[in-house]
Number of protein chains: 2
Amino acid sequence: MTKTTSSSASSAKARLQATHGHLSIQPCFHSHAIHNNTPRGPADLARERTNASFKTMDMTEVILRGKENVVAQSLAYQMIQCDPELRMHQGHNYDLTRDEDHEQTLRQVALFGTSEQQDKWMGDIESWRVIGCFAMTELGHSSNLPGLETTSTFDRATNEFVIHSPNLTSTKWWIGMAGRTATHSIVVCRTLIDGKDYGLNWFIVPLRDRRTGRLFPGVVCGDVGQKASRQGLDTGYIQFTHVRIPRENMLQRWASFNPQGEFRPMPNQAISYAPLISERFTTLRFDQVTLSRSLTIAVRYGAVRRQGAHDEQILDYQTHQTMLMPGVAFIYLLNIVEREVCEKWGQVKKFAQTDTERFMRELPDQHGVAASFKAMMSWYVVEVLESCSRSCGGHAYSAYNAIPGLIGDFGVITTGGGDNIVLMQQSARFMISALRKVRAGQEVEGSVDYMNDYGRVSLITKTSFQDPRDLFSHEFVIDALKWASLKKTIELQEVLSKAGTDFDMVWNAHQTELVRMADIHTWLHFLIVYQRGVQREKAGKPEVYAMLKKMGQLMSTFVLKRHLDLFLEEGYFDGWHAKLVRQLFLDQCKDLRKDAVALVDAWAIPDFVLKAPIGKYDGDI
Amino acid sequence: MTKTTSSSASSAKARLQATHGHLSIQPCFHSHAIHNNTPRGPADLARERTNASFKTMDMTEVILRGKENVVAQSLAYQMIQCDPELRMHQGHNYDLTRDEDHEQTLRQVALFGTSEQQDKWMGDIESWRVIGCFAMTELGHSSNLPGLETTSTFDRATNEFVIHSPNLTSTKWWIGMAGRTATHSIVVCRTLIDGKDYGLNWFIVPLRDRRTGRLFPGVVCGDVGQKASRQGLDTGYIQFTHVRIPRENMLQRWASFNPQGEFRPMPNQAISYAPLISERFTTLRFDQVTLSRSLTIAVRYGAVRRQGAHDEQILDYQTHQTMLMPGVAFIYLLNIVEREVCEKWGQVKKFAQTDTERFMRELPDQHGVAASFKAMMSWYVVEVLESCSRSCGGHAYSAYNAIPGLIGDFGVITTGGGDNIVLMQQSARFMISALRKVRAGQEVEGSVDYMNDYGRVSLITKTSFQDPRDLFSHEFVIDALKWASLKKTIELQEVLSKAGTDFDMVWNAHQTELVRMADIHTWLHFLIVYQRGVQREKAGKPEVYAMLKKMGQLMSTFVLKRHLDLFLEEGYFDGWHAKLVRQLFLDQCKDLRKDAVALVDAWAIPDFVLKAPIGKYDGDI
């Protein structure tokens, strides 16, 4: 899942070593001395692998995006496994990912800093002389940026900004590595110049002496305390009492404040959200890492464990298949979708330098997609993790089997980085405003472009579905979802347009439906992006492409089934359609089960990373 | 939630002290030194309490079943709070519950032992000279009793039984307190006498010397290792190598084996499930304890925390209400339902002594109800816990706020004590067999008695619903659920009746639908039992009764909404009905929100037990 090139591998190792003290120390696993005399597991897994419809390595190449990365990942794993320091201190399996997360955070400076600022800081950051943290959230203002209270007041006399936390609720809270590690922080502050409020800007504020680790005067940091997981990461809080920093420490790519004291604000306050977009897309990677480990364990255990009157492999039970197979398919789709949306976001970011107008035009859609993808996908990951846990029976409760730790570490994602309910409403707001534009005669683009067609779609009352084989058609599913999304958007936009000054109250009275509307739109866009992305695999091995298509079909049915009640309620489907969708879902899960073991093998997660005896590659549990 | 009489309080204290070494040691919480200068929380909570429609204490009396118990619980809490030993060592808040659980386990002997056996053992058990554990589950056979492999072979020469674990998979596994504590175990074994297999029976097997704690020869016990939670409980495994026990150690209430060597087997093997029924009903208590703590925290936080453009209490957001209010109502219903089903089970157990035939006749229904209630309720508790966690935003992630610990400790319940999917299928099997009986002209009783009416109900195709006010009628909801349950049961019983020798295969192909069928039946029975139970509160304070009725109505709508897709799919409801049900659910959540704080206050959980700063009674978070 992790993308590592061999050139960056050695520096990654050096960094891991440099921070191993901050990783949580887990007891080594000692396998029980008891051994099974007649292990059937290895034979079961061998048979599953022989019967697979594709070569595992071919699929691994797709996931890791090329042979080169497969080699690099394998080298990285070997290095970690062979190094006693790294092995002993490995935390909750997220070594590489945390490393990536970390760099992601530090690189915010690359977006918001001018090229001079980048030159000044990036060298120290690369060499870990500066360890940064990103201080946006405040104790009283989690997902509500306009409410942030920390101030940065310019003092003309000294040419400095004064950073200050005016009250308890303005304490920067949940700040990764602020507790003990970070030397510098990027602090989001309300900017006050000559008594005027210029909105939010970003400032580099030194926290600790990089040699002694002592806090600078006026800075108070602490650990937020014991968390549900990730105890090794020193998540902390920061309070500032009139801390002075040079004028140049304001990140000035967008807003600038020149030596003559002229402030040029950001062309649009929306730019302050841009780094959140990157952060939210990063969670899609974390979704895959967590889920692939958990599903590898659950699927292998399901193929090895036997139970019941005929001693069946438990993976042959229908409920077991429906618990696990959609999750397996989902990771593959998400892998390709993540590639597509990150490439797109990379292009948009480039426009920031080359075509500012286009950048500004595309930013809101990018913001909407990132928000709703982060929310929707992480919610679904939580569902699948719970299924993985249940499908391992009592064994999932054993900490040795890794799943409880994966669940604990993932928990923060549904509220961290923007509460999911809040994010879904941001997406809903974007949808409502898109439809309003279309109705006013404007054309919209990006994820909501299907709304341009609203006149035609709003006349449809029932599916034109005739033949059960239609269900396999991508177009049929997409049409149904577009219809459902527009149906809800039209209904809710009309209600809201009449609300007048009661807008917030009316919004709240329809909050559940607005979230549901955004849910449909998000899955629809997910399937559309996947369909586009998977075309690029057509040139590869036909059996791999066939498998990817099959998984796309399963997820399409999954989404239809998820919103079956809406289709029935609005009369788009009748009972006959609903039963067909349900049966198709069961059939597709059963069909995919045949390749289940090979599909999890292809994620190529070594046993020493899984750390779960019941999910061992050789099946000798 | 916990029922303690003052007479048992002092012995409970003595026991807690006797075992405090086994409780997990948690770091004390040190409140942060920072204080808010302008706390609005206390005023917010005070206003919520003033506006409540009932007196908290009146409701507490209902929940704890009488004034006496309110006093006793308050005394017990005081005692724990004032005793530095108990306070310091308190585990994950379950002191009283674990104590109860423990006694529950030990009291199995009362059901399966003869009165002589009870006389012999109960004194030592009461005084903790004997610490028992209950060894049923085996490593290879979790929820599958017929597959158990541990043997008890009678040796005529010495008048002893020889207990033996023939292989690895027969290791007794997940046995509470077997790791280090228990002196004796009740072991479920396959009984072999003169080469003949007499099925499962129960044997008292000494494990450790009660003074030295050393294991007896032939007994190997160990800890199963680190678990996802409840680290303080020494969950363990046991292996026996030809361990000899006297003939009298077979529990002989049902099966007996006299000195002349004549074996009289149990009248029905189903009796061996009876102790599972008690164990499963006990989980309904644990559901309440876990959920009441978690919801107290989430609701108080929701009333104190403000967010958004108009700085609303977050409990005023619609999605927040729908996440929390059904859970609040659910506990109240469950509290009354638990009382009803446990009283009923108490009566049935008495028939074991007075009217064996009736006992045998009622046992299968009790087994079905216990299995499906354990499964369904614990699944729903997991859902609500997740909602509680999400509704506290980032704060739920802090271990200081108790919710992560509650979730971790609860996790085992969905698979422990019988995997939920397996239990739901037991309920489904019972339903199918009941309908088969009805169709063969027999009458059925207990939870499935509505099936007697199947001829009439099966002719109905659509609700007779006319007036939106009907939705408030208990009868309307019950009728709809009976219809839905019978509809599915008829459909699936017909499919299965044609399966012949392919029965298991056909069962598996319809497993998802069978679980869904049992889901409907279980909620239906839950609502029926509640409706019966709540009548007993009619004599009490009218405003308390009104509130209980209101919560019953919310849960009725919740259940209808849960199965809305089925009602739509089968044409019983149309889109208009569905929209009404959805809107009613939102309205009822909003309405109940007015009393939310008083409703959680009534559970009377002291701050020192909650151990969650964000859920403090005074609102000064």
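Where is B:Arg65? Select it: B:Arg65 is in the loop between helix H3 (56-64) and H4 of chain B. (Helices are DSSP runs of H or I, at least four residues, numbered from the N terminus.) Before moving on, know that this is a predicted model, where local features need pLDDT of at least 70, side-chain atom pairs count only at pLDDT 80 or more, and totals for chains, interfaces and linings use all residues. Residues are numbered from 1 along each chain as its sequence is written, while chains are lettered from A and ligands numbered from 1 in the order in which they are written.

Check the backbone: phi of B:Arg65 is near 65 degrees, a positive value in a residue other than glycine. Most residues other than glycine have a negative phi.

Now hop to A:Arg65, in the loop between helix H3 (56-64) and helix H4 (67-82) of chain A. Its phi is positive too, about 65 degrees.

Back in chain B, select residues 67-82, helix H4. Colour B:Ala72, B:Gln73, B:Ala76 and B:Ile80, which are buried. Seen down the axis, the buried residues fall within an arc of 100 degrees (taken from the directions from the axis to the C-beta atoms), so they line one face of H4(B). On the other side, B:Lys67, B:Gln78 and B:Cys82 are exposed.

Methods
Helix = DSSP H or I, 4+ residues; strand = E, 2+ residues; numbered from the N terminus. Expected span 1.5 Å × (residues − 1). Buried ≥ 20, exposed ≤ 12 C-beta atoms within 10 Å, placed from the backbone.
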